[in-house]
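This briefing concerns the pockets of a protein model and the surroundings of its ligand. Please consult the structure alongside the points below.

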Amino acid sequence: MSVRPSRKAGQFTESVIREMTRLASLHGAVNLSQGFPDFPAPEEIKQAAQRAVAADINQYAITWGARSLREAIAAQFQRRHGVPVDPERDVVVTCGSTEAMIATLLAILDPGDEAVVFEPFYENYGPDAILSGAVPRYVKLRPPGWRFDEAELARAFGPKTRAIILNTPNNPTGKVFGRVELELIAALCRRHDALAVTDEIYEHILYDGAVHVPMATLPGMAERTVTINGMSKTYSVTGWRVGWAIAPPALTNAIRKVHDFLTVGAAAPLQEAGALALGLPDAYYQGLAEGYRRRRDRLIGILDAAGFRVHKPYGAYYVMTEIDPLGWDDDVAFVRHLVEQVGVAAVPGSSFYADPADGRRQVRFAFCKKDATLDEAERRLTRLRPRSG
Ligand SMILES: Cc1ncc(COP(=O)(O)O)c(C=O)c1O
């Protein structure tokens, strides 16, 4: 018997980010690699989940999502962004936004179709494209400012382009796409009859007056946009695995079918708690953003003092850095040194690029951590010495 992976599975490796979390615990390192909070989730949401389990909401929910959660998702999107969303026809609840993304791509892409992806990109999008058989066309975001070149973007669109994958606010760069940039992207989507798949999971985590503009709010885009979001980041419950996609009915129907056969449905009691969470007052979201602004400034100060060149993020909860001022030009070797010798885990920049060479001098740190964790990281990072020669 020959035991070999499929050609698809053979084309990508395990997640580097999740591997870093394993290494962090092996070496007792402070984990600033994976983007999960190490502080408690909001009390009222935890209690809502406990009540739902006690009330025996313990069987399969409707496969595309409990009605209460779909209604809450639709109401929140409509209230905040002014775009009508029908909870019966436009919403699919999934096992995290991770499943929303792969279910969407499997539902809209055929082998040979092309999907435009900005890079650096959240590492799941690479394997997602491979699994759906699509050919990714990468467009660079370049520091400072992580802007893209308009002509390069236009060249990435062609007759085979079926979709663009967008993530704003962005992991790993902290970029928040501006309205003018989004209008350029939207115009290309309309011209090439392409769909926009937008991962907006950090929509509430914004700094310094940055404004989140959902792609679905631009003229003519609601009918060609799949908006992906979830509970993980907004409510600090990354382990709950509740996410969703909002899309016009023709797309929703296809996504619902794929989702049904991938996972049947997300955890029923946690969906009930999600309905309550989405109704939290505006003060909750303001407190979330303010808490992360404070942590961002703290981590930027720590990394700056340790000798990194820091790219200030305007959204999400990561800091991209450059390691060349420290005398390193190999992100993987540097991160290994950092976890083993310094006791801090981070993510090598190469895991966010199709060609690892493009991220060789970059390393990403997460700051969704409590003060004590950042204090300890600061103490340890004082051990880091620039390499000479
Ligand atoms: C851009 C982005 N999308 C999706 C996810 C995963 O979200 P979920 O927990 O909803 O699957 C992450 C997690 O880090 C992320 O950074």
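**Pockets and ligand site**

The second largest pocket holds about 430 Å³ of space in this predicted model. Its lining comprises 24 residues, with Arg18, Thr98, Tyr122, Lys233 and Arg241 closest to its centre. The ligand sits in this second largest pocket.

**Lining of the second largest pocket**
- Helices H1, H4, H5 and H8 each give two or more residues to this lining.
- H4 contributes the largest share, with 4 residues.
- By class, the lining consists of 8 nonpolar, 10 polar and 6 charged residues.

**Shell around the ligand**
- The ligand is surrounded by 14 residues, of which Thr98, Asp199, Tyr202, Ser232 and Arg241 are the closest.
- Helix H4 (96–108) and helix H8 (231–234) each supply at least two residues of the shell, and H4 provides the largest share, 3 residues.
- The shell is made up of 5 nonpolar, 6 polar and 3 charged residues.

**Polar contacts and burial of the ligand**
- A backbone N or O atom of Ser97 lies 2.7 Å from a ligand oxygen atom.
- In Asn171, a polar side-chain atom is 2.7 Å from an oxygen atom of the ligand.
- For Tyr202, a side-chain N or O atom is 2.6 Å from an oxygen atom of the ligand.
- The ligand taken alone exposes 400 Å², and the protein buries 93% of that area.

**Largest pocket**
- The largest pocket has a volume of about 680 Å³.
- It is lined by 31 residues, and Thr13, Glu14, Val16, Glu123 and Ser351 lie nearest its centre.
- Helix H1 (16–26), helix H5 (125–131), strand S4 (135–140) and helix H12 (331–342) give two or more residues to its lining.
- The lining of the largest pocket divides into 17 nonpolar, 7 polar and 7 charged residues.

Note on methods: Residues numbered from 1 in each chain as written. Predicted model: local features only at pLDDT ≥ 70, side-chain atom pairs only at ≥ 80, totals over all residues. Heavy atoms only, no water. Near = heavy atom within 4 Å. Polar contact = N/O pair within 3.5 Å; in protein donor to acceptor, adjacent residues only side chain to side chain. Areas by Shrake-Rupley, 256 points an atom, 1.4 Å probe, with all protein chains shown as cover. 1 Å grid on protein atoms, 1.4 Å probe; cavity = no way out; pocket = protein on both sides within 12 Å on 5 of 7 lines; lining within 4 Å. Sits in = over half its atoms within 2 Å of the grid points. Nonpolar A, V, L, I, M, F, W, Y, C, P; charged D, E, K, R; others polar. Points joined across faces, edges and corners; volume = space filled by probe spheres on them.
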